[in-house]
Every structure is written in C-alpha cells, then in structure tokens.
Amino acid sequence: THVGFATKESWTNRRAHVQRSFVVEMEEGYERPKDEDILEQEENIRSEVAASSCLVGDQEPLNVLLEEYSNPVLQKKIVELSQNYRCIRRIRGDGNCFYRACLCGLLERKKTLDGDRKVEECLAILAEWKNKLVEAGFQLLVFEDAMDMLVEQLEQSKGGDLEATLSILRDSIISNFLIMLLRMITAAHLKQRSEHFEPFVLNYGGDCESMQDFCEKYVLPMGVESDHMHAVAFAEAMRLHIRIEYLDRSEASAQHDFKLEG
C-alpha cells in the first residue's frame, strides 16, 4: 500500500505571497492590478513549479518526510502515517494533482492482493461511462480516444510493468489527456446527481448559478484544483474508496474517506 502526497505547498505559498504583495501595493495607493496581470503572474509561478518538480515521482520511504519537516506536530503525524503506509509517491501540485494521483492509483492496482479483480471492476465501470458521458451531453468524438487509451493502460497494468505505467503517467500530453476524461466523468456524475450536489454548488465561490455553471468553471478546465465535492463525485462515479491524509500543523489527525455508500 502506498499514499501519494501532492506537492502543493510551494505553489500555494507563492500564490499567497503574490496576493499579499498586491494587497500591500493597494494599501500604499497603487491601483489594483488587472485580473489578466494576476493570472499571468500566477501562470508564471505554475511554470516555475512545473520546471522544478516531476509530474509523478518515484516511490520513496515515507520517513524521508521526517528529514524535510522539523515541526514536532508534523513529525508526530508522519510517524503515525508510517504505521499504515510503506512509501509515498509525490505528485506535482499543478491543479490536476487530485486526478493524477487517482490515475496513478488506478494504474498501480495490480500491485494489491486482489489487483486483477479490481482492474476488471474498473474496466466494467468505464464501459458504463462511455454511454453515460454521451447521455450527459459530451460528444463521443471528444473523449473516445482517451477512454480507449485508459482501457488499454488498465489492460496493460495486469502485466505488472511498472516502468511502462510510469512513462505514461510522466508524459504530460498523455496523462493530461486521461485526466481530461476523469474530469468529464466527474462533471457528468455531478450533473446526474444535481439535486444532491446543487445546494453546495450555489454557495461555491458565490459565482455559480447552476450545476452546469459550476462544472464549466471548476470541474472541466484543466489546472483547476479539486476539493471535497470533486472527490466525493469522482469516488462515487468510479465506485472507488479514496482516502486523503492531511499533513498539517493542527493537533487533530485529518483523514477523509470518499466512497460510494451502500
């Protein structure tokens, strides 16, 4: 068993620094920067993060985190995590890290004790989604190649060729193509269960008037970060059990499980 940590800290901290800088300038009498200027600077930061980190890292012993974090609360949590997880695999924090980590988990399922059965279950679920996506309004021409590619990679994962799997995951064009499909599946599931999710959507950022609006702004675009609602929807759609471990400075342990109930 392994757990992936998305290395979001550098991006998050630098983005906060940019926003603080803009606030200071405003307080000193400067005009507020244009939205396009903010977006351009954030994109520059994303490019710097991308240049300094791998899309999907190698497996590392979990205790390497003890060398990176000296805070006693974090050290205690790392020790606790090491009791349940053998290693970590770092995922670039580029806004797609949730889906990339899930994709990595799907393609490494063969390594589990009942890996073959889980792979077959995933293939059957994907076959169902081919029709569901069309019913949700997505054109077959747009996602069919990505669907076929993911099916092919899942079939190949049965052979246990980890290096071939990693080469796919580390290819930005191919892996982003597959992530586009996972985002479509998430959006389609949210629309199918709009009565359940819509009350949360209307309060999301204050700029969404409908589920369609939410999906177009916060689910389908590449590079847009995922949160609780995305994780719930994706776990339900793919009938997965996703566990997210939060490594932060709060005293309480933060572990969230997302899975289809029943």
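**An aromatic cluster and its surroundings**

F98, Y99 and F234 form one aromatic cluster. The model is predicted: local features need pLDDT of at least 70, side-chain atom pairs count only at pLDDT 80 or more, and totals for chains, interfaces and linings use all residues. Residues are numbered from 1 along each chain as its sequence is written, and side-chain values use heavy atoms, without hydrogens and water.

Start with the rings. Rings of Phe, Tyr and Trp (its six-membered ring) pair if their centres lie within 6.5 Å; planes under 30 degrees apart are stacked, over 60 edge-to-face, and the rest tilted. By this rule there are four aromatic pairs. One of them joins F98 and Y99 edge-to-face, at 5.2 Å centre to centre and 75° between the planes. The centres of Y99 and F234 are 5.9 Å apart and their planes stand at 80°, so this pair is edge-to-face. Y99 lies in helix α5 (residues 97-107) and F234 in helix α12, so the pair ties together parts that are 135 residues apart in sequence. Helices are DSSP runs (H or I, at least four residues), numbered from the N terminus.

How buried is Y99? Its relative accessible area is 0%. Buried means under 20%, exposed over 50%, and partly exposed in between (1.4 Å probe, protein chains only). F98 is buried too, at 13%.

Now follow helix α12 (residues 228-238) to E236. E236 is buried, with a relative accessible area of 12%. Beyond its neighbours within four places in sequence, E236 is in contact with H189, R193, F197 and L260. Contact means heavy atoms within 4.5 Å.

How values were computed: Helices (H or I, at least four residues) and strands (E, at least two) are DSSP runs, numbered from the N terminus.
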